[in-house]
There are 2 protein chains.
Amino acid sequence: MAVILDGKRASAELLQELKGRVEKLKERGVTPSLALVLVGMDEGSRRYVKMKARRCKKVGVEATVHHLPEATTEEVVSLVEKLGGDPSIHGVMVQLPLPEDIDEDEVLAAIPPEKDVDGLTNETLGRLLRGEKCYPPAGVGAILELLERYGIEYVDRHWVIVGLSDIVGKPLAALLMSRGIPVTCVRSDHPKLSDYTRMGDVLVVDVGRKWAVGGEMVKPGAVVIDNGNNYEDDKVYGDVDFEAVKEVASAITPVPGGVGPMLIANLIKNTVEAAENSI
Amino acid sequence: MAVILDGKRASAELLQELKGRVEKLKERGVTPSLALVLVGMDEGSRRYVKMKARRCKKVGVEATVHHLPEATTEEVVSLVEKLGGDPSIHGVMVQLPLPEDIDEDEVLAAIPPEKDVDGLTNETLGRLLRGEKCYPPAGVGAILELLERYGIEYVDRHWVIVGLSDIVGKPLAALLMSRGIPVTCVRSDHPKLSDYTRMGDVLVVDVGRKWAVGGEMVKPGAVVIDNGNNYEDDKVYGDVDFEAVKEVASAITPVPGGVGPMLIANLIKNTVEAAENSI
């Protein structure tokens with residue numbers, strides 16, 4: 001019977017701890033503060049940013065949404081630079097994707113590394129790889145937090161990452177490498193995908209296709225992390241066939257309710273850490 | 001019988017091609033120019049920098065050595081910034097290691113990404129990982145050049161990298177990931193190292209220990225790349241037991257004469273490319 005890695009429970013626990021850390025910071029006169037930059041009118045992004053701000057406030061972190069309904073790259077860069085230079089702000093995040101006419105690279109490059117709590121800049125990627133101080137992307141922190149809270153030993157186990165996005169697979173691989181943890185990375189449409197997935201003691205799947213990984217693709221006893229988020233008829237499905245794989249794995253994240261709920265909690269954790277590091 | 005990947009021959013061929021590219025640039029009024037920054041009095045570094053400058057000149061690339069025998073971090077940073085801002089200079093490289101009292105991160109961060117022809121900054125690492133335009137470190141370019149010149153197909157073969165340095169293993173893994181090539185990274189003192197090395201269709205070894213990898217650790221038919229450079233009684237030895245492994249591998253780099261001779265050639269290649277990209 002696989003252990004179900006319950007992200008709702010783990011994130012509630014994490015948020016509770018963060019509340020305590022925020023209180024301690026406030027006693028020292030520091031209120032952790034996150035600036036959220038939102039560009040354009042995408043309904044999904046607007047909702048997600050609002051949700052992030054709401055969750056921040058719940059644990060006592062100040063969150064300000066800076067919404068530019070219409071803007072040039074220069075205007076977004078100059079806003080990000082202003083926020084980056086403001087000593088009362090500890091974290092700056094830019095909601096992606098940006099509208100098509102905005103140069104994402106230029107905007108991200110304007111975030112100072114010590115305030116990059118969303119962990120998506122090239123500088124942060126480089127630091128992750130070299131094992132220098134930085135804030136890993138929420139998708140990476142979410143996975144490690146879940147394993148740690150369930151007491152799952154993951155060092156010196158063989159990680160296999162399927163799907164190499166800039167926000168999960170690549171930065172996770174970078175972090176594992178910098179810690180000397182063995183990791184195999186493979187793209188999701190590799191013709192011999194199963195040969196790779198079956199090697200994983202810890203198998204991280206982020207391929208964006210409903211039930212792409214079935215039970216026969218998983219090593220018995222593996223820990224399986226599902227980053228899928230596939231909508232079909234208003235229901236959300238994972239990249240992993242949960243019912244089949246839970247019979248093979250030793251632990252597995254459900255979708256919904258696995259990695260998902262950990263994401264915002266990890267963004268807040270990074271912000272609190274940035275505030276702690278600022279004093 | 002394994003093919004011996006002859007780095008001397010391959011680098012001579014590459015330098016010959018670069019000569020032609022430099023001539024074309026000069027016809028357009030551009031002389032590729034590399035600034036080499038050397039700090040301190042380390043004899044080995046001085047010799048290596050001089051050798052780099054000499055090789056540059058041989059193919060028509062201008063190379064200027066900026067030697068600060070004694071300097072503070074601020075002085076080195078300000079020199080690097082001045083060189084970075086000079087439009088007649090296409091590449092800026094800082095010879096590592098820097099003296100202990102100099103902040104290496106700060107110095108590297110001062111190199112503009114479009115002039116980072118040594119490929120060692122965090123920004124370049126991040127770009128490598130995301131597959132954006134940048135100049136990979138010479139150690140990475142050297143390996144790919146060798147394989148390509150010998151017509152060895154390496155896409156969709158399983159790469160295994162043993163030893164995760166910031167200048168070879170990690171940036172190579174980043175580049176492979178960004179190209180969707182399957183790669184496994186493992187640190188050199190992993191207790192089950194052989195389990196990993198035997199998976200590699202392409203096995204890259206960079207562990208800094210004479211003959212650390214023997215024949216029994218190599219998959220039959222693998223391509224083996226040896227980055228070792230271990231001195232013993234004035235002789236240099238690889239990390240791979242060449243005599244044993246060449247009986248198992250399909251291709252192998254010797255030490256000396258494998259990857260080594262390709263390093264400076266790749267630094268020059270990056271400089272020529274930076275000059276081409278500047279117009």
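1. A word on the ground rules. This is a predicted model, in which local features need pLDDT of at least 70 and side-chain atom pairs count only at pLDDT 80 or more, while totals for chains, interfaces and linings use all residues. Residues are numbered from 1 along each chain as its sequence is written, and chains are lettered from A and ligands numbered from 1 in the order in which they are written.

2. Let's start with chain A as a whole. Its secondary structure comes to 10 helices and 11 strands (DSSP runs numbered from the N terminus: H or I of at least four residues for helices, E of at least two for strands). The C-alpha trace of chain A spans about 50 × 45 × 40 Å along its principal axes. Chain A has a radius of gyration of 19 Å, which agrees with the value near 19 Å for a compact globule of 279 residues (taken over C-alpha atoms; the globule rule is 2.2 Å times the number of residues to the power 0.38).

3. Now the pair. The same surface serves both copies, since 100% of the contact residues of chain B recur in chain A (contact means C-beta atoms, placed from the backbone, within 7 Å).

4. On the interface itself, chain B contributes 22 residues and chain A 23 residues. On the side of chain B that touches chain A, the elements giving two or more residues are α5 (122–130), α7 (169–178) and β6 (183–186) of chain B. Of these, α5(B) gives the most, with 7 residues. This side of chain B divides into 11 nonpolar, 5 polar and 6 charged residues (Ala, Val, Leu, Ile, Met, Phe, Trp, Tyr, Cys and Pro count as nonpolar, Asp, Glu, Lys and Arg as charged, and the others, Gly among them, as polar).

5. Helix α10 of chain B (residues 260–277) is worth a look for its partners. Helix α2 of chain B (residues 43–58) packs on α10(B) at an angle of about 60°, with the axes 10 Å apart (axes are lines fitted to C-alpha atoms, for helices over the stretch in contact, and angles run from 0 to 180 degrees between N-to-C directions). That makes α2(B) oblique to α10(B) (under 35 degrees is roughly parallel, over 145 roughly antiparallel, 65 to 115 roughly perpendicular and the rest oblique). In this pair, B:Met51, B:Lys52, B:Arg55 and B:Cys56 of α2(B) meet B:Ile264, B:Leu267 and B:Ile268 of α10(B). By class, that contact has 5 nonpolar, no polar and 2 charged residues.

6. Helix α6 of chain B (residues 138–149) packs against α10(B) at about 100°, with the axes 8 Å apart; α6(B) and α10(B) are therefore roughly perpendicular. The contact includes B:Ala142 and Leu146 of α6(B) and B:Leu263 and B:Leu267 of α10(B). Its residues are 6 nonpolar, 4 polar and 2 charged.

7. Finally, some backbone spots to check. The peptide bond from A:Val255 to A:Pro256 is cis, with omega near 0°, and A:Pro256 lies in the loop between β11 (251–252) and α10 (260–277) of chain A. The bond from B:Leu96 to B:Pro97 is also cis, with omega near -5°. A:Asp233 has a positive phi, near 50°, and is found in the loop between β9 (230–232) and β10 (235–237) of chain A.

How values were computed
Contact = placed C-beta atoms within 7 Å.
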